[in-house]
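Hello,

Here is the structure I promised to pass on to you. Have a look at it first, and then read on for what turned up in it.

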Amino acid sequence: MKKVDMIVKAPHFYTMVGEGLGYVTGKALLVNEGKILGFVDESQCDKEYTADEVLELDHHAVMPGFIDGHMHTACNVMRGLAQDTNNWMMYGLQPFDNAVVNEERDAGSEVAIIEAIKAGTTTIGDYESNMDNVCRFIEKIGVRGNITQTIRAAKVRVYKPGELYEFDDELGEKSLNRNIELYDKWHNKADGRIRILFGPQGADFVSPEMLLKIQRIAKERKTKIHMHVQQGDRETYQIVKRYGKRPTAFLEELGLLDSSLIAVHLTDCNDEETRTIAKSGASMIVNPASIGIIDGIVCPSLVFQEAGGNVALGSDQAPGNNCHNIIHEMKNVCMFNKLKYQNPEIMPAWKALRMATIEGAKAVGVDDIVGSLEPGKQADFIAIDLNYPSMLPVYTYPMRNIVPNLVYSARGQEVALSVVNGRVIMKDQKILTIDENESLEKIKKYPAEIGKRAAKEFFEIHGTNAMFMEEDKL
């Protein structure tokens with residue numbers, strides 16, 4: 001008998017190997033030292049292998065854990081405060097964002113990460129200004145982190161529409177140095193679960209010289225740049241006014257468009273610009289629900305894919321999304337593109353699942369270790385409970401309905417198990433590595449004081465949600 005750390009038995013495996021979903025049945029998955037060894041015939045498994053832990057998942061589908069490519073988990077402390085409004089960033093989010101302090105942001109991050117894990121996310125693609133405590137929490141909870149520290153030279157304040165951002169080069173240098181410090185402290189730490197990326201907030205938030213410096217530093221460290229790119233007409237306006245060209249042309253001329261760039265949103269890109277970025281070797285993260293809610297736009301992820309680029313899904317931020325749930329994003333990327341192109345065959349469920357797993361892993365640079373169930377990769381996987389009402393009934397012939405039901409019917413509670421590096425971190429919707437109630441209780445004490453600090457600016461700006469409050473519509 002051969003000894004391994006873990007044997008996983010289930011009637012359905014989706015491995016993401018090949019061009020489809022890599023469906024496997026009648027097999028058991030072998031895990032040792034945190035890595036996938038491979039599959040063995042289930043009928044022979046008990047005769048040939050013994051394990052410290054055997055997961056009997058007799059009514060489940062097992063697949064790679066989801067990749068959430070782009071998150072702002074710290075914003076979770078402001079969940080639901082900036083939707084249904086124009087000029088979302090300045091008139092929706094900013095009054096509250098100006099009022100929140102780091103302790104409150106950290107509390108928001110903890111709850112967002114818990115929420116994401118419970119909905120099947122095993123790789124957290126977080127992005128914010130102070131990430132040390134987030135890395136510490138990720139290390140503790142056991143999830144995987146692809147972490148970006150924000151680099152910004154534009155002074156933080158509310159800017160009116162049409163007003164150019166005011167740059168402070170010292171502010172930019174300080175934030176870059178913090179990103180370098182975070183890299184030195186956390187990159188490839190926590191059993192290799194944490195990787196650090198570099199995060200200029202956008203081409204409109206730092207100087208061209210700073211962008212080139214960041215690119216050089218990221219390449220020297222063999223990591224990537226994770227940046228908002230052409231995020232709406234606001235950014236386009238800023239770049240055109242400063243440099244006389246649209247953001248994509250500006251970045252192309254600078255030499256920023258290459259495989260080291262992960263481009264987020266592309267909200268204001270036309271199809272030609274989208275193809276330019278995709279063909280450069282850069283990848284894309286699309287955040288369907290967030291941009292749909294805050295901008296009313298379907299971002300050009302389909303065009304990007306058709307041009308040969310890799311696209312990941314992201315949940316973005318909770319003030320205007322309002323959740324961190326990749327199943328939610330899978331459904332929305334399918335639905336929005338079907339509506340945009342008036343074609344029900346556009347963006348099928350299987351394609352969205354690949355975006356949440358192997359294609360997402362390729363887009364954010366972690367496909368060498370996760371994204372598919374293949375020998376040698378880290379054992380990051382989840383189990384979907386097929387006895388959950390939203391997944392029933394289950395058909396296997398003449399077609400399987402498991403993936404369509406996951407994408408179009410599931411809501412997240414169907415995720416019964418999450419494993420990262422061969423370690424069970426969530427079972428039956430309960431986090432096993434921390435006392436999650438501590439985080440859930442902690443965040444409840446902050447809204448009252450945040451509201452008081454934000455109220456003056458909120459009502460002075462008098463945005464849509466302020467008017468909704470006055471009209472008894474919230």
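Predicted model: local features only at pLDDT ≥ 70, side-chain atom pairs only at ≥ 80, totals over all residues.

**Helix α16 and its surroundings**

In helix α16 (residues 436–443), the buried residues are Glu 436, Ser 439 and Ile 443. Looking down the axis of α16, you will see these buried residues within an arc of 65°, so they line one face of the helix.

Helix α3 has 17 residues and reaches 25 Å from its first C-alpha to its last, close to the 24 Å expected at 1.5 Å a residue. Of the 17 residues of α3, 14 are buried, so this helix is largely enclosed by the rest of the structure. After α3 comes Gly 120, with a positive phi near 100°.

Helix α17 is where you will find Glu 449. With a relative accessibility of 39%, Glu 449 counts as partly exposed. Its C-alpha atom is separated by 9.2 Å from that of Val 100, although Glu 449 and Val 100 are 349 residues apart along the chain.

**The strands around β17**

Is strand β17 (residues 415–420) enclosed or open? Six of its six residues are buried, so β17 is largely enclosed by the rest of the structure. Strand β17 pairs with β16 (381–385), and also with strand β18 (residues 423–427). The pairing of β16 with β17 is antiparallel and has four bridges; here Phe 381 has Val 419 of β17 as its bridge partner. β17 and β18 are likewise antiparallel, again with four bridges, and Leu 417 has its bridge partner in β18, namely Lys 427.

β17 and β18 make a hairpin with two residues between them. In that turn, Asn 421 has a positive phi of about 55°.

**Backbone points to check**

One is Met 347, with a phi of about 50°. Met 347 lies in the loop between α12 (326–341) and α13 (349–356), and is buried, with a relative accessible area of 3%. The other is His 462, with a phi of about 55°. His 462 is in the loop between α17 and α18 (464–470), and counts as partly exposed at 34% relative accessibility.

**Cavities**

How many cavities of 30 Å³ or more does a search of the whole structure find? There are two, and the largest cavity holds about 70 Å³ of space. As background, rolling a probe the size of a water molecule over the atoms shows where empty space is left.

The largest cavity is lined by Val 286, Asn 287, Pro 288, Ile 291, Ile 297, Val 298, Cys 299, Ser 301, Asn 332, Val 333, Phe 336 and Asn 337. Both α10 (288–295) and α12 supply at least two residues of this lining, and α12 gives the most, with four residues.

Ser 301 belongs to helix α11 (residues 301–306) and counts as buried, at 0% relative accessibility. Setting aside its neighbours within four places in sequence, Ser 301 is in contact with Met 284, Val 286, Val 311, Val 333 and Asn 337. Among these contacts, Val 286, Val 333 and Asn 337 also line the largest cavity.

Happy browsing, and do write back with any questions.

Best wishes

Conventions:
Residues numbered from 1 in each chain as written. Heavy atoms only, no water. Buried < 20%, exposed > 50% of the residue type's maximum accessible area, 1.4 Å probe, protein only. Arc of directions from axis to C-beta. Pairing = 2+ DSSP bridges. Expected span 1.5 Å × (residues − 1). 1 Å grid on protein atoms, 1.4 Å probe; cavity = no way out; pocket = protein on both sides within 12 Å on 5 of 7 lines; lining within 4 Å. Points joined across faces, edges and corners; volume = space filled by probe spheres on them. Contact = heavy atoms within 4.5 Å.
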